[in-house]
Structure formats: C-alpha cells, structure tokens
Amino acid sequence: MAIQSPDTGNNEIAILNSTGRAGTLFEQVVLLLIIVIPLVLTIYAAVTLTQGAVHWGYPLATLIVFVLAGLGVTAGYHRMLTHQSFEAHPAVQYTLLILGAVAGMASPVIWARKHLHHHSHSDTEADIHSPHIPRWFRGGWLKWITQWFDAHIGWMFRNQPINVTRKALQVTSMPAAQFVHKTWLFWMILGLALPLLWGWNAFVWVGMVRLFLNHHVTWSVNSICHLWGQQPFKNTRDHSKNNPVFGLLALGEGWHNNHHFRPSSARHGLLPGQFDLTYSVICLLERLGLVWNVQRYGQCARCADWYALRSGDGGICPKCRD
Ligand SMILES: [Zn+2]
Ligand SMILES: [Zn+2]
Ligand SMILES: [Zn+2]
C-alpha cells in the first residue's frame with residue numbers, strides 16, 4: 001500500500017511501498033528460484049542439444065515465444081507504458097502487457113516506476129541498477145564482476161528506495177497496466193504451464209530456456225549496456241552505451257545510449273544501420289491503424305539538433321523555423 005508524503009516541491013513524491021524494497025524473505029526465495037531453475041534447465045537443455053537428442057521444433061518454438069514475450073517488454077512495458085512513445089488500441093495495450101508478463105518481468109506498474117527512476121538517476125548512487133557504483137570491492141577485476149552482477153541481478157535483492165514522480169503515477173494508471181499489475185503472475189505461470197501440457201521437452205525449452213533468455217537479455221540492457229559499447233551521445237551524462245549484440249538480441253533496446261538521449265523516441269536505433277525490431281513492429285501496427293501518435297526524432301536540416309518530428313515540418317526544427 002502506497003503511503004504518500006506531501007509534495008516535495010520538485011514534482012517527486014516519496015512513496016514508501018514495495019516498489020523500492022526487496023520484498024519479504026519468502027518473496028526473495030521465490031525470486032531466487034525463478035532465477036536459478038531456468039539457469040539449471042538451460043544448461044541441461046544445452047547438453048541435450050549437443051547430444052543431438054532434441055527435435056529442431058523445440059528451439060524454433062523457443063525463439064518465437066522469446067520474441068513475442070520480448071516484444072511485450074520492449075514495445076509494451078517499455079516504449080508504450082513507461083515512455084509513452086506511442087498510443088495503442090486497448091486490444092494492443094492488453095496484448096503487449098500480457099506478453100510482457102509472460103516474460104517474467106514482474107508487474108508493468110512496478111517495472112515502469114523503477115525504470116523511470118533509473119532514467120532520472122542514471123549511474124548515480126541513487127540509481128537502482130548501475131554497474132558503476134562500487135558496492136563490494138573498490139578495485140581489481142572482482143570490482144567489475146561484482147558491479148556487473150549487481151546491475152544484472154543483485155539489485156533485485158537489495159533495499160533501495162525509489163521516488164515516484166507525478167508522471168510515473170500518471171503513466172501507470174492506464175487500466176491495462178492496472179489489470180496486468182494484479183494478474184501478471186498468472187500470465188507468467190501460464191507461459192510455463194502451457195508448454196508443460198505439450199510435454200517435458202516443451203516445458204524445458206519453450207518454458208524455461210525461453211524464460212532464461214527473456215530475463216537475461218533484458219537484464220543485460222541494465223548491466224552490459226551501461227558498460228560496453230559506443231556512446232555517440234555524450235550529453236546523456238551517464239554510462240549508457242550502444243551495444244550492437246544487444247541491439248539485436250534485445251530487439252532494439254541495446255541502442256541504449258540513443259535511448260537515454262531521447263527516452264520518448266519510439267525508435268531506439270536512431271542512427272544508420274541500427275536495426276530495431278521493436279520499432280519495425282510499432283510501424284507495422286501503425287500501418288494497420290492499431291497504433292498512433294508514434295514519437296519520432298530526427299536531425300534538423302539546418303542546425304543538426306535532434307528534435308521531435310512533426311508531419312509537414314520539412315525536416316526543420318521549431319527553433320530554426322521561427
Ligand atoms: Zn539505462
Ligand atoms: Zn527507458
Ligand atoms: Zn534547427
């Protein structure tokens with residue numbers, strides 16, 4: 001239950017609820033199992049694959065469900081809900097957020113609030129996940145391994161308060177988000193139970209290997225994409241990086257420096273040659289009339305500043321037009 005303090009004047013409301021806390025011991029044990037069991041079964045699946053004991057249909061089905069659930073996170077939780085980079089028909093809202101829940105990413109409401117906090121405190125002490133804040137060792141390679149691990153997984157087990165802005169409260173009030181907030185665990189379990197009905201191999205692959213991939217690819221955006229890659233937009237004043245491997249694996253989200261530069265852009269692959277599958281899907285849905293008000297950014301033909309594109313602006317930013 002949220003306990004709100006009076007407005008602090010800087011448009012941030014301190015909120016004392018579970019969004020900043022690591023949860024009860026029981027919840028932490030469940031979280032640990034959700035992380036460890038897919039890891040163990042993924043190693044088991046990899047071994048059976050090398051022994052040639054797996055029909056190709058299982059890895060293929062794993063890939064398909066991985067992409068669908070992944071799009072739920074990237075297009076649904078992240079670009080639609082958290083950053084409002086497009087508007088969508090309710091059927092699309094519910095579908096994307098339910099798919100995001102299948103990816104085992106917790107409630108979209110909690111996810112969005114934590115993520116907005118990450119954007120406003122990126123790579124500072126107040127950031128909930130940054131691989132640049134020393135927490136265990138002050139030097140040597142152990143420092144980097146532990147900091148990477150903390151930004152990848154460790155932070156979920158740590159108490160760290162977050163501030164929830166008025167904007168965060170407003171974006172997460174979307175009815176579809178509130179519905180999936182209450183039901184997300186059901187959708188995650190359904191994503192494991194349906195493959196189980198199909199048999200043990202399907203459970204291992206489409207359930208567990210797929211969950212392992214959805215988790216670690218998403219978490220790598222928090223950890224690896226703040227460590228390794230290029231930073232064409234230095235004025236983000238954080239360590240966000242464009243990482244081509246996760247640009248592909250994380251369905252466009254690995255162009256993370258671009259994303260910190262223009263968080264509300266529906267397209268993360270802003271620069272030439274940066275493939276962004278999530279953006280392609282958003283464009284497809286737009287063509288079908290299911291998505292609209294897609295936020296796009298481009299460089300002004302006169303001053304080369306990045307600005308929010310509007311139809312009929314002729315590629316000239318408002319500053320240069322006046
Ligand atoms: Zn980031
Ligand atoms: Zn973001
Ligand atoms: Zn201009």
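**Burial, packing and backbone in a predicted model**

Student: Does Phe-86 count as buried or exposed, judged by its C-beta neighbours inside 10 Å?
Tutor: This is a predicted model, and in it Phe-86 has 22 C-beta neighbours inside 10 Å. The cut-off for burial is 20 or more, so although Phe-86 sits in the loop between helix 2 and strand 2, its neighbour count makes it buried.

Student: Which residues is Phe-86 in contact with, leaving aside its neighbours within four places in sequence?
Tutor: A C-alpha to C-alpha separation of 29 Å sets Phe-86 apart from Leu-227, which lies 141 residues away in sequence. Once neighbours within four places in sequence are left aside, the contacts of Phe-86 are Arg-79, Met-80, Ala-266, Ile-282, Val-291, Asn-293, Val-294 and Gln-295.

Student: Near what value is the phi of Asp-123?
Tutor: Asp-123 belongs to the loop between helix 4 and helix 5, and its 20 C-beta neighbours inside 10 Å place it among the buried residues. Its phi is positive although it is a residue other than glycine, and the value is near 60°.

Student: With which residues is Ala-112 in contact, leaving aside its neighbours within four places in sequence?
Tutor: Ala-112 is one of the buried residues of helix 4, and the elements covering those buried residues include helix 2, helix 3, strand 3, helix 6 and helix 7. With its neighbours within four places in sequence set aside, Ala-112 is in contact with Tyr-77, Leu-81, Thr-82, Ala-168, Val-171 and Thr-172.

Student: How many of the 13 residues of helix 4 are buried?
Tutor: From its first C-alpha to its last, helix 4 reaches 18 Å, close to the 18 Å expected at 1.5 Å a residue. Its buried residues include Trp-111, Arg-113, Lys-114 and His-115. Helix 4 is mostly covered, and the number of its 13 residues that are buried is 10.

Student: At what angle do helix 1 and helix 8 pack?
Tutor: Two packed helices are described by the angle between their axes and the distance between the axes. Helix 1 passes helix 8 in a left-handed crossing, and the residues that meet there include Ile-37, Leu-41 and Tyr-44 from helix 1 and Trp-205, Met-208 and Phe-212 from helix 8. The axes are 9 Å apart, and the packing angle is about 120°.

Student: How many of the 24 residues of helix 8 are buried?
Tutor: Helix 8 reaches 32 Å between its first and last C-alpha, close to the 34 Å expected at 1.5 Å a residue. One of the residues in helix 8 is Gly-207, which counts as buried because it has 24 C-beta neighbours inside 10 Å. Helix 8 is mostly covered, and of its 24 residues the number buried is 17.

Student: Which residues does Gly-207 touch, not counting those up to four places away in sequence?
Tutor: Gly-207 and Met-188 are 19 residues apart in sequence, with 9.6 Å between their C-alpha atoms. Not counting residues up to four places away in sequence, Gly-207 touches Gly-191, Leu-192, Pro-195 and Leu-196.

Student: Over which residues does pLDDT stay under 50?
Tutor: The protein chain has a mean pLDDT of 91, and 93% of its residues reach 70 or more. Where pLDDT is low, the predicted coordinates should not be read in detail. The model has 26 contacts beyond four places in sequence for the stretch that stays under 50, and that stretch is residues 1-19.

Definitions and conventions: Residues numbered from 1 in each chain as written. Chains lettered and ligands numbered in written order. Predicted model: local features only at pLDDT ≥ 70, side-chain atom pairs only at ≥ 80, totals over all residues. Contact = placed C-beta atoms within 7 Å. Helix = DSSP H or I, 4+ residues; strand = E, 2+ residues; numbered from the N terminus. Buried ≥ 20, exposed ≤ 12 C-beta atoms within 10 Å, placed from the backbone. pLDDT = per-residue confidence, 0-100. Expected span 1.5 Å × (residues − 1). Axes fitted to C-alpha atoms, helices over the stretch in contact; angles between N-to-C directions. Left-handed = near helix turned anticlockwise from the far one by under 90°.
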